[in-house]
Every structure is written in C-alpha cells, then in structure tokens.
Amino acid sequence: MVKKILISQPRPAVIEKSPFYELAGKHKVEVDFRPLIRVVGVTLKEFRAQRIEILDHTAVIFTSRTTVDSFFKVCEDARITVPETMKYICNTEAVALYLQKYIVYRKRKISFADGSFTGLLELIIKHKSERFLLALSEPHKPELPETLAKLKLNFDPVILALTVAADMSDMRPADYDVLALYSPSDVKSVLENFKVEELPVVATFGEGTLRAALEAGMKVRASAPSPEAPSMVKALDLYIAKVKKGEEIGDVELVSDAAKEEFIRSQQSKLAKKTRTRSNTTEKR
C-alpha cells in the first residue's frame with residue numbers, strides 16, 4: 001500500500017488549492033514537500049572563466065527566473081550596461097513578466113512561448129537573425145543547445161546558475177513509499193545522499209528525469225507527462241490505484257518523442273531551404 005509520498009518541490013503556499021491535497025484526500029495518503037536541490041547563481045569569476053562577452057549578443061534566451069537573476073547580477077558586478085536594443089526570448093510568460101524586476105517591459109523587446117519545447121523553438125526561429133546568448137543552469141537538458149546547433153543558429157551557451165544538492169541528513173528514504181522527482185538534478189542529489197538499494201519506488205516528471213532515474217537503476221513505476229498522465233498528480237493517482245487493485249507494475253520504459261524529432265527535422269529542412277533560396281538570389285544578382 002502507498003501511505004506516504006515525498007514530492008521534490010516546495011510546499012504550496014495554499015496547500016488546500018494544490019492538486020496534491022486532493023490526491024492525499026482521495027487515497028488517504030500523506031504527502032510531504034521537500035526540495036532536494038537548490039539553485040545558486042554563478043560568481044563573476046565563474047562567468048568570466050567561460051570567456052563569453054554579453055555585449056557581443058543581440059538577444060538572450062531565458063528558461064528560468066534563476067538565470068534571469070544571475071544574468072543581471074553578473075552584469076551589475078562586471079559593470080556591464082545592457083543596451084536597450086537587447087531582445088529577450090522566454091519559454092513562458094511567467095519568466096517574461098519576471099524581467100520587469102530589472103527592465104521596463106516592452107513587447108517589442110520581450111517575447112515568450114507557451115512553455116513547450118516546440119513553442120520556444122518556433123519563437124527562437126522567428127528571430128533567427130539575432131545572435132543569441134542561451135542562459136543555462138548546470139546541469140541542464142542538452143536538447144535545446146543541441147537543437148540550436150542542428151539548426152545552425154548563431155548562439156553561445158553560457159552557464160549562469162549551478163544546481164547543488166540540498167541537505168538531506170535528516171531524511172530517511174525508508175519512511176516513504178514513493179519519491180516524486182522532477183529533474184535530473186533531483187536524481188543526482190538523491191544519489192549523492194543515498195544508495196539506490198535504499199530508495200523506494202520512484203515517480204518522475206519529464207523525459208530527462210526518467211532517463212536519469214532509469215540509468216541510475218531506480219525503480220520507476222510512474223511517469224509524466226504522457227497521454228494518460230499529463231501531470232505528476234495524475235501519474236501518482238494511476239499508480240496508487242493500480243497498487244490498491246494488486247496489479248503487478250513494472251518499470252516505466254523510456255519512449256522517444258517521435259513528434260518532437262519530426263518537428264526538429266522539419267525546421268532543419270525549412271531553414272536549409274531558405275538558406276539555399278537566399279544563396280541563389282545572391283548569385284543571380
């Protein structure tokens with residue numbers, strides 16, 4: 001039976017409005033919230049070691065508020081004045097609005113996607129003439145920089161934040177029936193503190209997290225997002241229901257996102273076609 005679950009996220013400000021609150025009530029389980037990682041901005045010395053010149057770029061790509069904070073802190077420490085012409089490409093509206101902490105919000109300067117990988121990629125391609133600075137945390141999912149390289153876009157990746165393990169000295173994995181992990185960094189943090197054999201069943205969110213957990217030998221019995229489980233809550237709901245029925249549950253299998261790969265290939269083809277068209281036009285002139 002599933003009696004206690006650990007969610008590797010901060011506790012919601014209003015727990016009664018959280019879908020995990022409903023999950024706990026529905027299945028009579030106890031849900032604990034505890035971040036297993038913390039993210040810290042890089043120092044000016046760490047930034048300079050990467051030999052990146054911010055002012056050589058015309059647009060910055062942000063996927064988190066932490067990298068926004070670190071970017072402007074580095075600029076302040078290095079006494080860099082970011083020009084008003086700098087553009088900002090964000091993966092979500094929340095990140096875009098967070099920029100108001102540092103700059104005047106203008107739609108012509110700030111663009112945001114819908115939070116999906118393909119949405120962000122389409123937005124970046126719309127601004128393909130820019131020289132991008134891709135703000136990253138370490139570790140990070142390699143798919144975005146790898147895809148930008150495949151598409152031959154002009155960009156430089158820069159590490160602006162570091163993910164480190166939280167203190168887990170007072171935590172006992174045996175107290176939980178399920179650990180819900182949200183990032184490869186969560187997986188790494190758990191492995192730095194405990195042996196795989198000590199861990200209970202694991203639920204993961206995201207393809208990268210699932211891959212990291214499976215490679216580590218964790219017992220992954222639930223995963224999201226998927227057609228049947230678009231959220232972590234739904235994945236846990238389905239898993240608990242199966243346990244109650246006494247069903248045998250095997251490890252979740254990693255299935256590649258064929259739609260995403262096809263989208264990337266189509267964008268490569270479109271950009272290559274546009275490049276050939278421009279070259280032919282230039283030759284005719």
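Ser 223 belongs to strand E11, which spans residues 220-224. The model described here is predicted. Ser 223 has a relative accessible area of 17%. The residue therefore counts as buried, the cut-off being under 20%. Its side chain reaches that of Thr 204 in a polar contact of 3.3 Å. Beyond neighbours within four places in sequence, Ser 223 touches Thr 204, Leu 210, Ala 229, Ala 235 and Val 252.

The chain as a whole contains 10 helices and 11 strands. Of its 285 residues, 43% are buried. The C-alpha atoms occupy a box of roughly 75 × 45 × 35 Å along the principal axes. Contacts between residues at least 6 apart in sequence were also examined. Of these, 68% join residues at least 24 apart.

Six strands form an open sheet. Their order is E3-E8-E7-E4-E5-E6, and the pairing is mixed. Strand E3 (37-41) and strand E6 (110-112) stand at the edges. Each has a single partner strand, so one side of each lacks a neighbour in the sheet. On average, neighbouring strands are turned by 25° against each other, direction ignored. Helix H3, residues 65-77, packs on this sheet. The helix touches E3, strand E4 (59-62), E5, strand E7 (132-138) and strand E8 (155-165). The direction of H3 makes about 110° with that of E8.

Strand E5 covers residues 87-90 and pairs with E6 in the parallel sense. Three bridges join the two strands. Tyr 88 has Ile 110 in E6 as its bridge partner. A further helix, H5 (residues 117-126), lies across E4, E5, E6 and E7. Helix H5 runs at about 160° to E5.

A parallel pairing also links strand E1 (residues 4-7) and E2, here over four bridges. Leu 6 is bridged to Asp 32 in E2. Side chains alternate along E2. Val 31 and Phe 33 point to one face and are buried.

A pair of aromatic rings is described by the distance of the centres and the angle of the planes. The structure holds seven aromatic pairs. One of them joins Phe 20 and Phe 33. Their centres lie 5.7 Å apart, with 80° between the planes, and the arrangement is edge-to-face. This pair links distant parts of the chain. Phe 20 sits in helix H1 (residues 19-27), whereas Phe 33 sits in strand E2 (residues 30-33). The two residues are 13 apart in the chain. Both Phe 20 and Phe 33 are buried.

Ring pairs also connect Phe 62, Phe 71, Phe 72, Tyr 88 and Tyr 102 into a cluster. Tyr 88, a member of this cluster, is the residue bridged to Ile 110 in E6.

Charged side chains lie over aromatic rings at two further sites, described here in turn. Lys 4 lies over the face of Tyr 176, at 5.1 Å from the ring centre. The charged end of Arg 65 is placed over the ring of Tyr 98, at 5.8 Å from its centre.

Key
Residues numbered from 1 in each chain as written. Predicted model: local features only at pLDDT ≥ 70, side-chain atom pairs only at ≥ 80, totals over all residues. Heavy atoms only, no water. Buried < 20%, exposed > 50% of the residue type's maximum accessible area, 1.4 Å probe, protein only. Polar contact = N/O pair within 3.5 Å; in protein donor to acceptor, adjacent residues only side chain to side chain. Contact = heavy atoms within 4.5 Å. Pairing = 2+ DSSP bridges. Axes fitted to C-alpha atoms, helices over the stretch in contact; angles between N-to-C directions. Phe/Tyr/Trp six-rings, centres within 6.5 Å; stacked < 30°, edge-to-face > 60°. Lys NZ or Arg CZ within 6 Å of the ring centre and 35° of its normal.
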